[in-house]
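Dear colleague,

I am passing on the structure below, and my notes on it follow.

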Amino acid sequence: MIHEFIPTHITAYPFENPHVIRVINKSIRELSAATERHALRVCDPFANNSFTTRPKQGVHFTTNDLNKDMPTLFHMEANDFGEMCKEHNMKFELLLWDPPYNLSQLKRQYESIGVELEQWQTRNPFGRAKDALADCIPLGGHVISFGFGSRGFGDYRGFKKIAIYNLQPSGTEYRYNIQVVVEKKVGTKLEDFTTELRSAGIEEE
């Protein structure tokens, strides 16, 4: 597994960082090479006004942002968006997962658009979205997650870490590092596997 520490200027929006763009473009190149019959399908549930809201040759972006002023295809709460994607059997070879990194960021983003943060969102704000979108990634697909931690989507959801890039803020020691975690879909979710075993008449030990 690749693990790099990269001193860099931490921008307000990670997709503006040249190191982040390099990581994303690497996945796009790898996945595009394995996708023959259609454009590469990329999902960005927290798109804001990033590059994913603009056309790119050979890539089809599905974008969402709760802020209705953003130029995205959907303007939904992330959990509702994820479950909508799963319900409509949407598939994405690449998922860019860049939610608010902690409760303070989440609260600021909601307040900035005049939306009240509900109590349940303070505990597990995007768990349902991660579960649903994990089912939208075919085997071999990638998830690139951003945040203060490196948990990503995890093996519980069928993913294996293939790279972690630790972006260290240059010029100050009073800012957190940003973790960029690249994972590959290698299997089904643990709960799906358990269901398959039971349907086949095989009980867990």
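How do α2 and α4 lie relative to each other, roughly parallel or roughly perpendicular? This is a predicted model, in which local features need pLDDT of at least 70 and side-chain atom pairs count only at pLDDT 80 or more, while totals for chains, interfaces and linings use all residues. Residues are numbered from 1 along each chain as its sequence is written, and side-chain values use heavy atoms, with hydrogens and water left out.

Helix α2 (residues 78–87) and helix α4 (residues 127–134) pack at an angle of about 20 degrees, their axes 8 Å apart (helices being DSSP runs of H or I, at least four residues, and strands runs of E, at least two, numbered from the N terminus; axes being lines fitted to C-alpha atoms over the stretch in contact, with angles from 0 to 180 degrees between N-to-C directions). The two are therefore roughly parallel, a term for angles under 35 degrees.

Eleven aromatic pairs are counted, where rings of Phe, Tyr and Trp (its six-membered ring) pair if their centres lie within 6.5 Å, and planes under 30 degrees apart count as stacked, over 60 as edge-to-face and the rest as tilted. Among them, W97 and F126 are edge-to-face, at 6.2 Å centre to centre and 85 degrees between the planes. Because W97 lies in strand β4 (residues 94–97) and F126 in the loop between α3 and α4, this pair ties together parts 29 residues apart in sequence.

Finally, α3 is followed by G114, whose phi is positive, near 75 degrees.

Best wishes

Definitions and conventions. Angles under 35 degrees count as roughly parallel, over 145 as roughly antiparallel, 65 to 115 as roughly perpendicular and the rest as oblique.
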